[in-house]
Amino acid sequence: MTKTISRRSFLKITGGTTAGLSLAATLPDRFLLWAEEQGMLKATYTPTFCEICFWKCGVMAKTINGRVVKLEGNLAHAGSRGKLCGRGNGGAGLLYDPNRLKTPLINVGARGEGKYRKASWDEALNVVAEKMTKIKEKYGPESMALFTHGTPTDHFLPLIQAYGSQNVGMPSFAQCRGPRDVGLELTFGEGIGSPERVDLANSKVVVLLGSHLGENMHNSQVQDFCDGIARGAKLVVVDPRFSVAAGKAHTWLPIRPATDLALILAWINVIVSEGLYDKAYIDSYAVGFNELAAAVKEYTPDWAAVETDIPAGKIIETARLMAKNAPAVCVHPGRHATWHGDDVQRSRAIGILAALLGSWGREGGLYLATTASFPKGESKPFPTPARDALNLGPYPFAGGEGVTQVIRSATITGNPYPIKGWMVTGTNLMKAVPNQKETIEAIKKLDLLVVVDVMPFDTAMMADVILPECSYLERHDALAVGKGKSLTVSLRQPVVEPRFESKPGWWIAKELGKRLGLAEYFPWNTLEDKIKSQCAAWGVNYNELKQKGSLTVPNTSNPYITPLNQPTFKTKSGKIELASSELKEKGFDAVPRYTKHPQPPAGEFRLIYGRSAVHTFSRTTNNPELNELYSENEVWLNAKKAAELGISNGAKVRLENQDGAVSNAVRAKVTERIREDCVYLVHGFGTNSKELSRAFARGADDQGLITRFAVDPICGSTGMRVNFVRIKKEGLDA
Amino acid sequence: MPKYAMVIDQRRCVACMACVVACKKENDVPLGDFRTRVVEKTEGTFPQLRMELRSELCNHCDNPPCVYNCPTGASYKNKDNGMVLLKKYRCVGCKSCVAACPYDARYINEEKGFADKCTFCEHRVKEGKEPACVATCIGKSRIFGDLEDPKSAVSIALRENHSEVLLASAGTKPRVFYIKKYGKPE
């Protein structure tokens with residue numbers, strides 16, 4: 001096409017007519033870039049923030065003639081500092097993915113069959129509203145549940161609450177960082193936030209437990225991590241896999257999977273028994289030291305060496321290294337913490353270790369959140385449900401984000417009361433929640449499954465009604481308030497108009513609200529109007545925000561403890577709880593106690609999983625720009641084990657777990673970079689949705705092999721590294 | 001007259017691929033082709049392992065075999081800034097340069113029929129911006145600047161650290177320098 005358009009004829013068609021513009025918008029990027037270089041077209045930059053992952057980095061979107069040609073980092077944004085990761089750079093791949101959901105769709109086959117017909121927005125919204133009204137009349141509003149992730153939550157959570165249900169389940173809690181947050185809340189009275197308040201750039205020692213920063217691409221955090229390393233921080237990496245971070249480590253501890261708590265308790269043992277802890281800090285800020293000291297006596301380095309497969313000498317050496325450099329030591333609390341079912345206690349142990357090192361509230365450790373905030377606005381109160389929410393299950397410390405699999409169980413059993421409708425927004429439950437069979441069983445029992453998403457992911461393709469949301473580059477979303485070192489506010493605004501018939505999440509929620517008789521909960525015309533009035537109430541200059549994308553409120557940073565900046569701990573005792581009174585009250589161990597987990601029998605491997613730097617969950621595998629870099633995952637297999645099994649690098653194999661679940665054929669990555677007792681998959685591959693032309697059936701789905709999960713009795717989170725697999729050779733690869 | 005060069009501080013690279021994607025978008029590199037890549041190489045046996053992460057791109061050599069082997073004069077060394085560039089209208093896609101380059105830095109744009117490669121983002125540099133890969137480098141592993149300016153980031157990095165070039169024995173005199181592990185002894 002570019003060849004046939006001369007410069008002169010191009011200038012003619014872009015001569016300001018609408019027809020010319022719409023044609024120019026379909027021209028290939030390379031032509032637009034060339035035309036820009038020749039001075040024929042002017043590029044414009046629109047600030048917004050990214051939604052390829054949850055870090056929400058500030059973006060400057062470069063557009064030429066209505067087409068997004070490049071995304072760059074916004075210098076004014078604390079999460080990106082002018083840089084984007086590979087995924088953020090590839091964000092326009094989502095915008096222009098030809099496989100996007102284009103119109104509302106209504107299922108015409110059996111549920112899950114994936115047979116759809118196009119529908120108008122009016123029809124689709126009416127169907128959803130009618131079914132929701134019926135559920136409300138027949139079963140009560142609490143029988144409608146919301147599963148959600150990311151910015152759509154800001155629109156659909158108020159909708160479901162206004163409708164009368166508090167039954168929300170976010171996989172971000174029970175399948176991700178729930179136990180970490182609960183563990184730290186029980187210890188310090190608050191979590192570590194997102195982005196985590198880890199002061200990696202200033203650390204003298206960084207300890208990573210399973211966190212594979214670099215492959216786990218959290219923009220500003222990895223920037224700080226690299227700065228820390230460059231400034232000479234000593235890096236200790238605990239991981240059964242020689243991760244990229246392990247490749248940078250001064251000490252790599254290839255731990256036996258599922259024994260991390262033994263290592264942490266042994267570190268605590270050394271620091272307590274050798275008197276290396278920060279005595280003044282513990283005296284001022286902590287309670288329960290004696291109880292802790294007594295409880296960890298048995299967890300000697302020699303004992304831990306047997307459990308963890310790490311020599312006692314290494315355990316002592318690394319404990320002393322931390323103590324020597326305290327308090328500028330960052331023992332990273334991790335993020336995806338749902339491993340083995342005792343994850344709250346492991347996170348507690350990490351918190352206790354940080355406290356003994358005096359690193360909470362200290363430079364190079366874990367810094368304090370800004371105490372500044374924006375005033376809370378007034379909004380119409382939500383109705384009080386007639387029945388208590390069931391989404392917390394029997395777990396005393398389940399968080400407000402809800403426990404997904406509890407809602408799923410209630411959907412299957414009808415107890416304590418039936419759940420008949422699911423609204424799913426911005427999350428692919430089939431890939432996020434363990435035991436897919438149960439998810440399918442629950443979906444079969446529903447009267448309504450409505451999915452709001454940008455792409456036809458597995459879960460969307462099971463819905464009765466699919467509502468196509470436009471991508472983050474085409475919409476407004478709620479203001480993002482950041483509480484890191486400083487108080488910040490960032491704006492998501494459309495860079496281009498929504499493609500196809502897709503609509504912003506706020507519009508979908510508002511239109512559904514209207515049809516459900518809840519219009520008064522959406523007392524604004526457009527979300528931008530609401531944002532503007534919010535800015536006015538917060539004293540934020542909207543025009544400046546629109547222009548810069550992100551604003552930092554000056555003088556709101558006070559990250560370190562000083563005589564004048566004393567920390568407050570919102571625990572029961574008002575202090576750091578080395579022994580937790582709240583846990584004791586509920587019948588749990590006040591000080592973490594080691595539980596021995598089963599290890600794989602001979603011939604089997606523990607399945608562990610993690611991230612690729614160029615993918616987020618299961619949501620980017622079809623993105624043309626990211627798919628090109630990593631189009632299918634591989635199963636990492638220890639070289640010695642591979643030789644025993646007669647598997648060569650690149651050979652196709654299948655994984656079969658202890659319950660007979662078998663994966664897609666997947667290539668073996670035969671490597672020295674992993675222990676002999678486990679195999680590793682990058683999460684999110686092996687999609688079943690045929691609508692995803694690039695990702696369909698590519699690679700193995702780790703979640704399909706996670707049929708068992710170990711529930712943490714404290715908060716209900718699902719430990720997912722408890723499945724064992726055998727490796728089956730495939731026939732000769734075609 | 002500036003003498004542009006790049007320094008890759010491998011200690012800071014985490015192979016996040018931001019550079020690779022940014023480069024593709026900035027220069028609209030065709031699907032399947034790359035102007036830069038990150039190579040991971042691990043040596044040793046478990047658990048005694050050592051990993052190298054190495055960003056590779058055109059070395060903008062001072063002694064460039066691609067230029068010498070170009071039969072049409074399309075490939076040239078820019079006299080003003082030392083960049084190895086390509087006059088696309090003179091290129092016939094004969095692949096001499098692709099074969100001559102010891103760094104595998106070039107590809108043929110199949111659609112248009114000419115050779116292509118990293119330009120150090122000359123179009124950005126002209127505007128006073130860093131190359132796209134440098135601007136987005138999460139670890140600040142990629143450093144770009146003028147070797148003639150003693151205060152430039154590249155000059156400082158090369159002064160303060162031991163550095164190497166790839167395939168020094170090929171005699172190409174590359175302008176991409178690698179800082180591997182250790183700084184100069186204190």
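**Exercise 1. Helix 3 of chain A**

Task: In this predicted model, determine which residues of helix 3 (residues 29-37) of chain A are buried.

Solution. Step 1: A residue counts as buried if 20 or more other C-beta atoms lie within 10 Å of its own. Step 3: Beyond the helix, attention turns to G39(A), which follows helix 3 of chain A and has a positive phi, near 80°.

**Exercise 2. Two helices packed against helix 16**

Task: Describe how helix 8 (residues 171-188) and helix 16 (residues 343-356) of chain A are arranged, then treat helix 11 and helix 16 of chain A likewise.

Solution. Step 1: Two packed helices are described by the angle and the distance between their axes. Step 2: For helix 8 and helix 16 of chain A, the axes come within 7 Å and cross at roughly 45°. Helix 8 of chain A is therefore oblique to helix 16 of chain A. Their crossing is right-handed. Step 3: Helix 8 of chain A contributes residues including P179(A), R180(A) and F188(A) to the contact, and helix 16 of chain A contributes residues including D343(A), R348(A) and A355(A). By class, the residues of this contact are eight nonpolar, four polar and three charged.

Step 1: For helix 11 and helix 16 of chain A, the axes come within 10 Å and the crossing angle is roughly 25°. Angles under 35 degrees count as roughly parallel, so helix 11 of chain A is roughly parallel to helix 16 of chain A. This crossing is left-handed. Step 5: Among the residues in contact are I264(A), W267(A) and I268(A) of helix 11 of chain A, with I350(A), L353(A) and L356(A) of helix 16 of chain A. The contact comprises 11 nonpolar, one polar and two charged residues.

**Exercise 3. The largest nonpolar core**

Task: Identify which residues of the largest nonpolar core touch the most other members.

Solution. Step 1: The core has 269 residues, and those touching the most other members are I268(A), L353(A) and M17(B). Step 2: Helix 11 (residues 260-273) of chain A supplies the largest share of this core, 11 residues. Step 3: Leaving out residues up to four places away in sequence, L353(A) touches I264(A), W267(A), I268(A) and V331(A).

**Exercise 4. Two residues compared with the cut-off**

Task: Decide whether G358(A) is buried or exposed, and do likewise for R142(B).

Solution. Step 1: G358(A) is placed in the loop between helix 16 and helix 17 (404-413) of chain A. Because G358(A) has 23 C-beta neighbours inside 10 Å, it counts as buried. Beyond its neighbours within four places in sequence, G358(A) contacts D278(A), Y281(A), A326(A) and P327(A).

Step 1: R142(B) belongs to strand 8 (residues 142-146) of chain B. R142(B) has 25 C-beta neighbours inside 10 Å and therefore counts as buried. Not counting residues up to four places away in sequence, R142(B) touches several residues, including M6(B), C19(B) and C137(B). Step 3: R142(B) and C13(B) are 129 residues apart along the chain, and their C-alpha atoms are separated by 8.3 Å.

**Exercise 5. The contact between the chains**

Task: State how many residues each chain gives to the contact, and which element of chain B gives the most.

Solution. Step 1: Chain A gives 34 residues and chain B gives 27 residues. Step 2: On the side of chain B that touches chain A, helix 1 (18-27), strand 2 (37-45) and strand 3 (48-56) each supply at least two residues. Helix 1 of chain B gives the most, with six residues. Step 3: By class, this side of chain B has 15 nonpolar, six polar and six charged residues.

Methods. Residues are numbered from 1 along each chain as its sequence is written. Chains are lettered from A and ligands numbered from 1 in the order in which they are written. This is a predicted model: local features need pLDDT of at least 70, side-chain atom pairs count only at pLDDT 80 or more; totals for chains, interfaces and linings use all residues. Axes are lines fitted to C-alpha atoms, for helices over the stretch in contact, and angles run from 0 to 180 degrees between N-to-C directions. Helices (H or I, at least four residues) and strands (E, at least two) are DSSP runs, numbered from the N terminus. Angles under 35 degrees count as roughly parallel, over 145 as roughly antiparallel, 65 to 115 as roughly perpendicular and the rest as oblique. A crossing is left-handed if the near helix is turned anticlockwise from the far one by less than a right angle, and right-handed if clockwise. Two residues are in contact if their C-beta atoms, placed from the backbone, lie within 7 Å. Ala, Val, Leu, Ile, Met, Phe, Trp, Tyr, Cys and Pro count as nonpolar, Asp, Glu, Lys and Arg as charged, and the others, Gly among them, as polar. A nonpolar core is a set of buried Ala, Val, Leu, Ile, Met, Phe, Trp, Tyr and Cys residues joined through C-beta atoms within 7 Å. A residue is buried if 20 or more other C-beta atoms lie within 10 Å of its own, exposed if 12 or fewer, and partly exposed in between; C-beta atoms are placed from the backbone.
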